[in-house]
Amino acid sequence: MGQAFSFAGIFSKLWGVQKEIRILILGLDGAGKTTVLYRLQLGEVVTTKPTIGFNVETLKYKNLTLNIWDLGGQTSIRPYWRCYYSNTAAIIFVVDSTDKDRIDIACKELHTMLKEEELQDSALLVFANKQDQAGAMTAAEVSQALNLTDLKDRSWSIVASSAIKGEGLTEGLDWLMDVIKDEQL
Amino acid sequence: MSTSTYKKQDAYASSGNLPDKMAIFQECLQQFNASPVNAKKCRQLLAKLLRLIYHGEQFPSQESTTLFFSISKLFQHKDSSLRQLVYLTIKELSSTSDDILMVTSSIMRDIQGGDIIYKPNAIRTLSKVLDSTTVNAAERLFKNAIVDKNPVISSAALISSYNLLPNSKEVVKRFTNETLESIQSHKVFPSNQFQLHEFYGNSTSKLPTTSYMYQYHALGLLYHLRNHDKMALMKLITSLSEGSALKNSLSIIQLIKYIHKILIEDEALIGHLYPILAAFLKHKSDMVELEACKTLVSLQHLIKDDQFMAIINTLQKLLGVPRTATRFAAIRLINKISVKHPEKILVVNSELEGLINDENRSISTLAITTLLKTMGAGTIDTGSVGGESVDRLISKMTSLMGEITEDFKIVIIEAIENLALKFPAKHKKLVSFLTDLLRDDGTLPLKTSIVNALFDLIKFLPDAGAKQLILMNLCEFIEDCEFAELSVRILHLLGDEGPHTTNPSYYIRHIYNRLVLENSIVRSSAIIALAKFAAVCGGHVSKNIQILLSRCLNDADDEVRDRAALSLKFIKANHKNFVVSDSKYDLASLESKLTHYLNDESNFDTKFDISEVPLLTSEELKSIEYNRKINKLDSGVTESSDAVGNEDRGKESGDKLSAGDSLSNDLLKQQEYSQELSAIPEFADYGTLSKSTITPVYLTERENEFVVTVIKHFFIDSQKLVLQYNITNTLPRSVLQDISVIAQPDNELYEEDFIIPISELKPDQSGDVYVSFSTPSITDGDILVAFGNTVAYTNKDVIDEEGNVDQRDDGWSDEYQIDDLEVSAGDFETPLYNSNFTAVYDQLDNTDSSVVTISGVDTLDNAITRLKTSLNLMPLDGSDFVPSDATSHVLKLLGKDVWGGKVAVMARLALTGGKVVAKIEAKSETETFSSIITSGAY
């Protein structure tokens, strides 16, 4: 019995099937987190309302089972993010690239969050979202505004995206899967 | 062996020990946070957790929060049974965890697109999670769920909306159209609903396709959205009662209850609403029929005789159904009718007789007590025939008495007593029934109730022969009575009543036997009883008793010796009033005076003045007791009929009850007034308050900008009348200042002395304006008056939240005319009881008579109530009961006027052409007062 169990364990590690991977989508309100989530899961754009609380969806991606949590970004809900940090493999941080006024707040929230002990081993993917809109900052600009280069001991990447058009999302997720596979196996 | 197997099979044994709270808590955290989630394990854990919560276990708020967040993680799993349990648990945790809003989005998603299995649960949980800031986001969801084709979802949404009312009424109001649509729609359970469970798997065809329960829920919600708008409510009722709009019987019952509420508030609507109620008298659900009957019975004063028959027919049918609860409800209603209109239910007598042997004790008790009442009515209506039926019933009961338990006997005894009181002519049969019962074996409570009944009969039966008969039976009883407390009470009564009978020596012999045979307690009361005979009868009786008493001076017991010595001393010194007294202090006012005295130590400098406590003559005392007796009979009915509209009408019915409660309450109230008035220096030299009207009269609508009530205070000795206007400011944004009332008398003999105004009334405050008048004396003849009333005040607007006004604002003065106030003959009278009306009536001189039409009433019953209350006299000889088919009636009223004289009124009423005409003959001890009575308008 014990042997069978460990066999299964080894297989699952080898092929990465059984294990569920927990991913959090965070970011300020109106950044497009829910749209990203459902674009990834359903492949289409859904109309969304401000998320009071969270949405959670499971999706299969390249033989991996992803458990994606989209937490609401309103000020009143941000304090609750930390309740969902444990066992998180990766964080997708979505930024509204057109919202120059609040990019500082986004930066602050991001760095506060990354200081949490439970997230020390999580990978970070930043979507510089809403690239379809005029006046959006480029990925490089966003990266600079968020001080991403200051991050040490963490795999991170920034991808320019448009959830509405579906651009950049798969690229980002592909990078994330590679990192997770490397780290977990 | 046997005990242990029993234990194992006991259904409750498995639920014996609750799981350990902390162990469950830890396991929950572990399992719920695991990845991947094991749905089956989590389901079992949630079930255990729920069991703890349902048992009243509570988690401290921090644990509760942790628990909540770990449960919220279960939303990642799609298992619908797990989700269902998650919702149940979150609903329970919602009261203790502050962070409940975190699941809002997830729940809303489930309601939009989730599985039908947990959708209703999700809706119910959502209503707990929402607060006033998030409720708007859910508006669309609720609207969709209310009109959902699935009745289970619709019901869940309707009930949840109802639960949202306290916090977000404005949002729920917007659901009105959807709710209306839902109530009129036809929703069936989805056909696969039951197949989901293996238990129902094969038998779907036998299951109902719908319960229409959503109609009940929708109706409840609609009522709460509309109950402040009478017109809208009437429209709703009319539309729902047409055809068979409502199919669910609970919803029909609820509709009937709402109709009842409306009718209580506005009786004039009976014309519109009666046909609706009558239609429900014939319905396939007995509950609906019962509810319709109940409502109509509680409004019986509004219903015509032929309409009444429809109710009786329905009830008669319901008496025969197999279901015990229905039979009980039906007979209870019949019993209620019998209190007021026994003649109307004569038709069901044969059914009632059958029910005497019903296996259900409550039903048979009600059957007997009801029969006792209808028999009484029968006697009056049909003479000898009814008399026979009383005999039949009594013989039936005598045979039954052997088989039934004591509680039941006590109920029957009370019923017989009431019957004897209401129909004194039948007393002989009933008294002998009671005394026979007294002779049989029985415990103390049974004997006490019989003795109580006999005591009341002695007090209130007009016939001296009846009195004698009961006394003799009681004498016989104490010869062989094992209960000392009963012997003592009977001896006391013999002492009070015996001396006034034709042969006191008969009783003396019996009492003396007690002195020889009984224990010391009975002996000492026997001494006092004997002393009363000596004091009242005097002559040779007194001498003989003195001999008897002096023998007791050697008694072994201290108390007996003391009482004997004291009594002898009083008798010899001829201090009759020390032994027997005609009057008693009013105990309620004595108590309140004493408490008042003891509460303030500064009072202790002066002696307690007992003369301030009203002294009641034995006649007045009897009035109080008689009133209490009669009211006890009726109050049972009033209370239960009030049950429906209680929260709205609690206050009013409270007023009604206390008004009818008893004279002793009135005395207390009067004392309060006199204390209030004596605290005002202007009234200091007015002397004692003779009489105040007890119930305040409303001079405005109760919903007016300011509400005015008035109480009349009469100071007969100093010829003053003080009108106390109580004014309440109901304007939320205005302060009223310098408020006074201008009262314009239409009788020149009344002269205004002064007005004490109110300086200021803030919103929701109330205060009193006093207006004092000098009145004519009774010898002037014309003491009746009507006052035209005008309120004068200065109005200022409130400018800030504390309710202050702008100091520079002078406000504006205004005057407002309110209703007139009449001083009628009734204001000078109090009710009085006497068991022999005719004797009193014949003694009084100063006769006057007049013929009047009693305005605004169309039945004899209402006319009697009108006369009784406007004259404020006591109806005697049961003359306030009218058989419903009678067209003429004689009402006998007795009372006392404020000048101390008796007043008797004989009113011959006749019903002609929908009007009630009365010939009022008034007699009074006080000269000219009888003409005042007859000159009043009714």
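In the predicted model, Leu736(B) stands opposite Leu761(B) in strand S9 of chain B. Strands S7(B) and S9(B) pair in the antiparallel sense over three bridges; two strands pair if DSSP finds at least two bridges between them. Helices (H or I, at least four residues) and strands (E, at least two) are DSSP runs, numbered from the N terminus. Both strands belong to an open sheet of four strands in chain B, in the order S9-S7-S11-S12, with antiparallel pairing. Its edges are S9 (758-761) and S12 (812-823) of chain B, each of which pairs on one side only. From one strand to the next, the twist averages 30°.

Residues are numbered from 1 along each chain as its sequence is written, while chains are lettered from A and ligands numbered from 1 in the order in which they are written. As the model is predicted, local features need pLDDT of at least 70 and side-chain atom pairs count only at pLDDT 80 or more, whereas totals for chains, interfaces and linings use all residues.

Strand S7 (residues 734-745) of chain B also holds Asp738(B). This residue is not a glycine, yet its phi is positive, at about 45°. Most residues other than glycine have a negative phi. Asp738(B) counts as partly exposed because it has 13 C-beta neighbours inside 10 Å. The cut-offs are 20 or more other C-beta atoms within 10 Å for buried, 12 or fewer for exposed, and partly exposed in between, with C-beta atoms placed from the backbone.

A positive phi, near 55°, is also found at Tyr212(B). Tyr212(B) sits in the loop between helix H10 (176-184) and helix H11 (213-226) of chain B. Tyr212(B) is partly exposed, because 18 other C-beta atoms lie within 10 Å.

Helix H11(B) packs against helix H13 (residues 249-265) of chain B. The angle is about 25° and the axes are 8 Å apart. Axes are lines fitted to C-alpha atoms, for helices over the stretch in contact, and angles run from 0 to 180 degrees between N-to-C directions. H11(B) is therefore roughly parallel to H13(B). Angles under 35 degrees count as roughly parallel, over 145 as roughly antiparallel, 65 to 115 as roughly perpendicular and the rest as oblique. The crossing of H11(B) with H13(B) is left-handed, meaning that the near helix is turned anticlockwise from the far one by less than a right angle; clockwise would be right-handed. Gln215(B), Tyr216(B), Leu219(B), Gly220(B) and Tyr223(B) in H11(B) meet residues of H13(B), including Leu250(B) and Tyr258(B).

Helices H15 (residues 286-298) and H17 (residues 324-340) of chain B form another pair. Their axes come within 10 Å and cross at roughly 15°. H15(B) and H17(B) are therefore roughly parallel, and their crossing is left-handed. Residues of this contact include Leu290(B) of H15(B) and Leu333(B) of H17(B). By class, seven are nonpolar, one is polar and three are charged.

Across the chain boundary, 16 residues of chain B are in contact with 16 residues of chain A; a contact requires C-beta atoms, placed from the backbone, to lie within 7 Å. Helix H6 (residues 104-113) of chain B gives the largest share of the chain B side, four residues. That side has seven nonpolar, seven polar and two charged residues.

Technical notes: Two residues are in contact if their C-beta atoms, placed from the backbone, lie within 7 Å. Ala, Val, Leu, Ile, Met, Phe, Trp, Tyr, Cys and Pro count as nonpolar, Asp, Glu, Lys and Arg as charged, and the others, Gly among them, as polar.
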